[in-house]
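Please examine the sequence and the structure shown here.

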Amino acid sequence: MSVLRGKHILVTGGAVRLGAAIAESLAAAGACPLIHYRRSQAPAKALARRLQSQYNVQARVIYSELRTEFQCRSLIERAAATAGRLDGLVNNAAVFHKDPLHATDRGKLDRELGVNLMAPIGLTRAFAETATGGSVVNMLDRRIAGNETGCLPYLLSKKALADFTRIAALELAPRIRVNAVAPGAVLPPPDQPHTRLRDLAGRIPLDIQVTPSDVGEAVVYLFGARALTGQILFVDGGQHLLGT
C-alpha cells in the first residue's frame with residue numbers, strides 16, 4: 001500500500017499546467033489532493049471530478065489569493081478544516097515574467113517575490129503551526145543552478161526559495177520535512193502553447209523531453225522519502241549540470 005494513501009495534500013496553483021500534473025500524480029499514489037486556485041475555478045473543479053472518478057480518492061478545490069500573510073494563513077486553516085487535517089503542502093503557485101535588470105523596478109520585484117517566495121514562506125509557517133507532522137515540497141526551477149539573465153526578479157525569487165527550503169528543513173526537523181523539486185522545461189509558455197518545447201529547452205544531456213508526469217513523480221517520491229529533508233531534486237535531464 002502506498003505511504004500516501006489517504007494523505008491530504010494541498011497543491012497551490014494546482015488547477016492547471018504543472019500543478020495539475022502534480023495533483024494527478026499524488027492522486028495516483030492514493031493521496032487526497034486539495035487543489036488550490038485563484039482564477040482557474042472551472043479547470044480546478046473539472047480536475048477534482050476526474051481525479052475522484054479515475055483514482056477513487058477525495059479531491060477538493062479551494063480558492064485563495066496569496067498576496068498577504070492573512071490570506072496564506074487562512075488558506076492553510078481552511079484546507080485543514082475542509083479535509084479534517086493537512087498532511088502535506090506543495091508550494092507550486094508562481095508567476096514568471098522576463099524582466100532584465102534595466103527593466104526591473106520595485107514593483108516588479110514585489111510582484112515576483114510576493115508570490116514565489118513570501119507566499120511559500122507564509123504557507124509553510126502556517127502549515128507547521130497547524131499540522132502535527134508532514135512534509136512540504138517547494139517547486140523551484142533548474143535555472144537556480146546558474147545565473148541566467150533576462151528574468152532577474154523571477155530567478156532571485158527561486159534562488160531565495162531554494163535557500164529557504166534548506167533553512168526551513170533544519171528549523172522544522174524532526175517534525176516536518178521540507179524538500180524541493182527543480183524542473184527543467186516541461187511545458188511551453190502559456191502564451192505560446194504550440195511552440196516546440198525542445199526548441200526552447202536548449203541542450204539536455206540525457207537527450208529526453210522531461211514531462212509534467214516526471215515532475216509529479218518526483219514530488220510523490222519526496223513525500224514518501226522519510227529520510228530526506230533539505231534536498232533539491234533537479235528533474236531536467238541533467239541540464240542544471242551545464243550551469244546555464
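**From surface to interior**

Arg49 is exposed, because its relative accessible area of 54% is over the 50% limit. The model that gives this value is predicted. Arg49 belongs to helix H2, which comprises residues 41-55.

Buried residues in H7 are Val215, Gly216, Ala218, Val219, Val220, Leu222 and Phe223. An α-helix has 3.6 residues a turn, so residues three or four places apart point the same way. The buried residues of H7 pack against helix H1 (17-28) and against strands E1 (8-11), E4 (88-91), E5 (134-139), E6 (176-183) and E7 (232-235).

The largest nonpolar core has 34 residues, of which Leu10, Ile76, Leu86, Phe127 and Leu140 touch the most other members. Helix H3 (69-83), H4, H5 and E6 each supply at least two residues of this core. Leu140 itself, when neighbours within four places in sequence are left aside, is in contact with Lys158, Leu161, Ala162, Ala180, Val181, Ala182, Pro183 and Ile232. A second, separate core of 21 residues includes Leu26, Met139 and Val235, together with Ala218, a residue already named among the buried positions of H7.

The open space remains to be described. The largest pocket holds about 1,700 Å³ of space. It is lined by 45 residues, and the closest to its centre are Arg17, Ala94, Val95, Phe96 and Pro190. At least two lining residues come from each of H1, strand E2 (32-37), helix H4 (106-130), helix H5 (152-172) and helix H6 (197-201). By class, this lining has 23 nonpolar, 9 polar and 13 charged residues.

The second largest pocket contains about 250 Å³ of space. Among its 13 lining residues, Lys7, Gly134, Ser135, Arg177 and Phe223 are the closest to the centre. E5 and H7 each supply at least two residues of the lining, which divides into 4 nonpolar, 5 polar and 4 charged residues.

Note on methods:
Residues are numbered from 1 along each chain as its sequence is written. This is a predicted model: local features need pLDDT of at least 70, side-chain atom pairs count only at pLDDT 80 or more; totals for chains, interfaces and linings use all residues. Side-chain values use heavy atoms; hydrogens and water are left out. Buried means under 20% relative accessible area, exposed over 50%, partly exposed in between (1.4 Å probe, protein chains only). Helices (H or I, at least four residues) and strands (E, at least two) are DSSP runs, numbered from the N terminus. Contact means heavy atoms within 4.5 Å. On a 1 Å grid over the protein atoms alone, a cavity is a set of points where a 1.4 Å probe fits but cannot get out, and a pocket is an open set with protein on both sides within 12 Å along at least five of seven lines; lining residues have an atom within 4 Å of a point. Grid points are joined across faces, edges and corners, and a volume is the space filled by probe spheres set on the points. Ala, Val, Leu, Ile, Met, Phe, Trp, Tyr, Cys and Pro count as nonpolar, Asp, Glu, Lys and Arg as charged, and the others, Gly among them, as polar. A nonpolar core is a set of buried Ala, Val, Leu, Ile, Met, Phe, Trp, Tyr and Cys residues joined through side-chain atoms within 4.5 Å.
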